[in-house]
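Student: Please take me through one part closely: the ligand site. Keep it brisk, and give me the cut-offs as you go.

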Amino acid sequence: MKIGITCYPTYGGSGVVATELGLELAQRGHEIHFISYAQPIRLRGAEPNIHYHEVEVSRYPLFDYPPYDLALATRMAEVAQLYDLDLLHVHYAIPHSVSALLARQMLGAGPRGRRLPFVTTLHGTDITLVGLDRSYLPITRYSIEQSDGVTAISNYLRDRTLRVFDVKNRIEVIYNSVNCDVYHRDPEEIAKMRPEYAPNNERLLVHLSNFRPVKRLTDVIEIFDRVHKQIPSRLLLIGDGPDRSVAEWLAVQKGIHGDVLFLGKQDQIQDKVAITDIMLMPSELESFGLAALEAMACEVVPIATRAGGVPEVIDHGKTGYLADVGDVETMSRYAIDLLNNEQRLREMGRQARAVAMERFCSTKIVKQYEDFYRRVLERSA
Ligand code: GMT
């Protein structure tokens, strides 16, 4: 198949999912065309069957708000025509599904009048936050209803979309996935890299996000502070965003900033995640929690909140631990108990990887998307 993929190319779970899916599909012989304003960060360079088409947005002085969605729609239609795409797959409804809808209409009205079906994958905040804003809700609902196929990354998100948006068309759940060959625990690499971050053989905890309020970064610091009081440890913070400085100040106030390492945004995170022992994900809400899955594949045990779709990913007490949002006491107790029990830590890590491979491995999930595309194409023929 020839598939156009649009996503947010910078840092964020939906862009990662879209890119990894594109790479996986390309490896299976499909021709993949990424259409976006920048090259997705996790594209690992020149890959066979992968093409990238940049969307140029004109910045006339008249435009206080350059119309990216229109430029995107135009580029989608152009690329679809030039490369004879079979379908478009957009990740994150706003504004991508609206642009895809316009592209479909443009092609349908063109001289050869062909239909370009599009699939929309819902990721979370496109529904739970942005989509509930009155200025976006009607158009988001419309573009979801107009999609030729809709998928959501968890049952939680599907149910919430059906309930809150009152969407009538079917939403299929296809879970996020992880490339288990790339995300894994390599003892040799760990022995080489770990001393750089844990020079005195401290325990390592990690948090990975866009540091937005929904991620509750200050809870990460609170949990780490409690762990640090009992166990020599360091915290790796991967990412950046609006809550960084408040977290930095909290770490300073608690006198632990020397052991809190802000590593910034990273293109490839698997090496760093794989050297750690525990991942902290105390989010207010996660429709899935891709970072936790990536940790699980690396045998790193996630300690997270029982929020949104997270319980569909982490099996409490078997592949990680879950607590209520804001319950930093319980989350730190889980971390301390685990770090004091090496055997349990390793066993849970192994179980976590086993589940990641069995239920969420990208080689399995990519086939679900292929089937889904085929059904969409049959229906649209
Ligand atoms: O909230 C984010 O971290 C960004 C957002 C995105 O689209 O990049 O994440 C959402 O999509 C991820 C990939 O499918 C999910 O793993 C996250 O759980 C989801 N975030 C929320 O629901 C808050």
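**The ligand site**

Tutor: The ligand takes up the space of the largest pocket. A pocket here is an open set of points on a 1 Å grid over the protein atoms alone, where a 1.4 Å probe fits, with protein on both sides within 12 Å along at least five of seven lines. A molecule sits in one if more than half of its atoms lie within 2 Å of its grid points. The model is predicted: local features need pLDDT of at least 70, side-chain atom pairs need 80 or more, and totals for chains, interfaces and linings use all residues. Residues are numbered from 1 along each chain as its sequence is written, and side-chain values use heavy atoms, without hydrogens or water.

Now the shell. The ligand is surrounded by 19 residues (near means a heavy atom within 4 Å). Gly13, Ser14, His123, Arg212 and Glu286 are the closest. Six of the shell residues are nonpolar, ten polar and three charged; Gly counts as polar in this scheme. Helix 1, residues 13–27, is the top contributor, giving three residues (a helix is a DSSP run of H or I, at least four residues).

Where does the ligand lie relative to the domains? Domain 1 (2–177 + 361–380) and domain 2 (187–359) both supply shell residues, so the ligand lies between them. Those bounds come from an automatic or database assignment.

Next, the polar contacts (N or O pairs within 3.5 Å). Ser14 places a polar side-chain atom 2.8 Å from a ligand oxygen. A polar backbone atom of Leu290 is 3.0 Å from a ligand oxygen. For Phe288, the backbone distance is 3.1 Å.

Terms used. Polar contact = N/O pair within 3.5 Å; in protein donor to acceptor, adjacent residues only side chain to side chain. 1 Å grid on protein atoms, 1.4 Å probe; cavity = no way out; pocket = protein on both sides within 12 Å on 5 of 7 lines; lining within 4 Å. Helix = DSSP H or I, 4+ residues; strand = E, 2+ residues; numbered from the N terminus.
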